Amino acid sequence: MQEQPEPAFAPGLTAQVELTVTDADTAQAVGSGDVPVLGTPRVLALAEAATVAATAVEMPPGSTTVGTRVELEHLAPTVVGRTVRAQALLATVDGRRLSFEVTVSDGDQTVARGRVDRIMVDRQRFVERAGHAS
């Protein structure tokens, strides 16, 4: 019987990233609305950046992760000049599939929360296959 390799990641990994909101991050600027507050696409990008940071240290050589599914509730507005913090917690690992719980906060206020699923892939193979998809 062949032994299965140890998973690259274990539940419990965490990371956080911060963003000080600028005019370029607003819903007006990113095309997701017409108000001068942090746009939902930027909230999502920040949450995804936290998931990438959580796996960066232990990523096997030649591998990367790509997003496959997102659930995100954007709960509160954030004005220009405020700093928001996204935190990702690796909640479950199923082979190459990683599921993160994410929260974005502005001080004590929760700005957004949800889940981001990623899958570990061979970076070179993924890029080559993507180039042939057209």
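This is a predicted model: local features need pLDDT of at least 70, side-chain atom pairs count only at pLDDT 80 or more; totals for chains, interfaces and linings use all residues.
Which residue in β3 is the bridge partner of Thr-20?

**View 1. Strand β1 meets strand β3.** The answer to the opening question is Thr-83, which is the bridge partner of Thr-20. Their strands, β1 and β3, pair in the antiparallel sense, with seven bridges between them.

**View 2. Five strands make up an open sheet.** Reading across the sheet, the order is β1-β3-β4-β5-β2, and the pairing is antiparallel. The edges belong to β1 (14-20) and β2 (63-74); each has a single partner strand, so one side of each is left without a neighbour in the sheet. From one strand to the next, the twist averages 25°. As background, strands of a sheet pair through backbone hydrogen bonds, in either a parallel or an antiparallel way.

**View 3. A hairpin links β3 and β4.** Here the two strands run antiparallel and are joined by nine bridges. One place to look is Val-93, which stands opposite Leu-98 in β4. Two residues lie between the strands of this hairpin, and Gly-95 takes a positive phi near 65°.

**View 4. Strands β4 and β5 run side by side, with helices packed on the sheet.** Ten bridges join β4 (residues 97-106) to β5 (residues 109-122), and the two are antiparallel. Within this pairing, Val-104 stands opposite Ala-112 in β5. Helix α2 (residues 40-56) packs on the sheet and touches β1, β2, β3 (83-94), β4 and β5. The direction of α2 makes about 145° with that of β1. Helix α3 (residues 123-131) packs on the sheet too, touching β2 and β5, and its direction makes about 90° with that of β5.

**View 5. The largest pocket is lined by residues that include Arg-96 and Phe-126.** Its volume is about 160 Å³. Along with those two, Val-121, Asp-122, Arg-125 and Arg-129 line this pocket. The elements giving two or more residues to the lining are β5 and α3, and the largest share, three residues, comes from α3. What kinds of residues make up this lining? They divide into two nonpolar, no polar and four charged.

**View 6. An annotated domain spans residues 21-123.** The UniProt record, an unreviewed entry, places the feature "domain: Fluoroacetyl-CoA-specific thioesterase-like" here. Over this stretch the chain is 21% helix and 47% strand, and the end C-alpha atoms are 31 Å apart.

Note on methods: Residues are numbered from 1 along each chain as its sequence is written. Side-chain values use heavy atoms; hydrogens and water are left out. UniProt positions are given in the numbering used here, feature names are shortened, and annotations may be inferred rather than shown by experiment. Helices (H or I, at least four residues) and strands (E, at least two) are DSSP runs, numbered from the N terminus. Two strands pair if DSSP finds at least two bridges between them. Axes are lines fitted to C-alpha atoms, for helices over the stretch in contact, and angles run from 0 to 180 degrees between N-to-C directions. Contact means heavy atoms within 4.5 Å. On a 1 Å grid over the protein atoms alone, a cavity is a set of points where a 1.4 Å probe fits but cannot get out, and a pocket is an open set with protein on both sides within 12 Å along at least five of seven lines; lining residues have an atom within 4 Å of a point. Grid points are joined across faces, edges and corners, and a volume is the space filled by probe spheres set on the points. Ala, Val, Leu, Ile, Met, Phe, Trp, Tyr, Cys and Pro count as nonpolar, Asp, Glu, Lys and Arg as charged, and the others, Gly among them, as polar.
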